[in-house]
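Hello,

Please find the structure below. My notes on it follow.

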Amino acid sequence: VENKTIIKDSFHGWIVDWSGVLSEMADAVYVLLKENNGKALIDFKKFRNQILALIEFLSSHNSSLTGNETLSDDTFTIAINTVRGKAFEAFLRFVYHDGSSHNTESKIKLSPDVKNLFEEILNNESSRYMMFLFGYHLPSFYYRDSKWIVSLFDKIFPIKTNKVLFIGSWEGYLSNNLYKEIFIEEYIQKLYLNCIDTTTLKLDNIKFHKDLDTGISTHLALAYLHYEDFDLKKNLFKQFWENNNVNQHKNFLDKLGRFVTSNNEQVKKIFETSKRSKEKIVELWNYLIEHSNNLNKEIYSAFGHLITKTYDLFDTITLASLVEKTLELSKGALDFDLNLYLSIKDFANNAPNEALNITRLYYLGSEAPANRKYKLTYGDDHWFDAIKILYNNPDTKEETYKLINDLIAKYSSDFWILKDI
């Protein structure tokens, strides 16, 4: 069929070109391959070859874009709304159903014609949006024939030959979950090392689905949490901290803290079965404090989620000491302070000297935001109660008295309630 515009009569008032027809066809193929009680809606074995031929035809459509993109659309959104993108998503469903025909004991779950089509699409691809899908869906092919897909890494991640296409596939890869077998592949490890510095991987006037700084730091946070042997001795991890990228470092600490404090059975199992995984959290925090002269001080405000005794990662005194040193470095800044609020009474009871300095830094540090004045009687009055505990402790009474005077001097009437202590 010629690539002509199909025009609806003027009464219905719309025009659709051939790309629109092909887009609907791709949607239909995807729907037919969706699962219904574990099976495709269509008789897959009977129509296998016809479906694959149709996917091949749709994948050859010469327009990557829909024509309706805006700068507010991210890479993934654009990709999955193109004809080729929709065909690729249908191809993934095809691969899933086709794999069931292979011997269950076989490590290879991809048929020769499937691999041929994958390579044909890859070799002809010239769109960053489509390359995103190759990176994003890498695990779906890697775990069905790892040796074959590794042989294509140079084409999937063309870092040496095509920067724009590489950025597309690398962004896609970083946008997906982390898989250890892929993570430790030599080629992938080199990509991480080469791409820690993202200054050369910028593109103008585009919206990333996953910012590259966020993507790589999230992956490394996951690796540090889940893989015992990925620690400060690894060159990749050392290079990550030596490359003084504030956005990466803050995101790493924020994500690590969120993972650690999540109500996740997998995380719970890690800390219940691996003493080393607990030790690594403490080691990293101490390392970042000890190497503060080489790091941007802004990163220390990102420790908020790690202020936790979940899974018995820290005893109270150790945690209070780490928090105190961290707030000294951040000058009172703390992006997420709920966990500190929930911990401060425990600190006051069991680590009073540290708690006293933490309170001073939290409220009076040069980078402490003005809205802290509302935190004193927030919720269950943890801050107020902690100050009261410190005042009633003979060892910290005098310094707490001075602290109260300083707080009232700074916050005026908002802190007059401290006079009741």
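This is a predicted model: local features need pLDDT of at least 70, side-chain atom pairs count only at pLDDT 80 or more; totals for chains, interfaces and linings use all residues.

Residues are numbered from 1 along each chain as its sequence is written, and side-chain values use heavy atoms, leaving out hydrogens and water.

Rings of Phe, Tyr and Trp (its six-membered ring) pair if their centres lie within 6.5 Å; planes under 30 degrees apart are stacked, over 60 edge-to-face, and the rest tilted. The count by this rule is 43 aromatic pairs. F88 and F134 form a tilted one, at 4.9 Å centre to centre and 55° between the planes. F88 belongs to helix α4 (residues 83-99) and F134 to helix α6 (residues 128-136), so their pair ties together parts 46 residues apart in sequence. Helices are DSSP runs (H or I, at least four residues), numbered from the N terminus.

In Y300 and F303, the ring centres are 6.1 Å apart and the planes at 10°, so this pair is stacked. Y300 is buried at 0% relative accessible area, and F303 is buried at 1%.

A charge sits over a ring if NZ of Lys or CZ of Arg is within 6 Å of the ring centre and within 35 degrees of the ring normal. R372 lies over the face of Y362, 3.9 Å from the ring centre. K419 has its charged end over the ring of W416, 5.1 Å from the centre.

Regards

Conventions: Helices (H or I, at least four residues) and strands (E, at least two) are DSSP runs, numbered from the N terminus. Buried means under 20% relative accessible area, exposed over 50%, partly exposed in between (1.4 Å probe, protein chains only).
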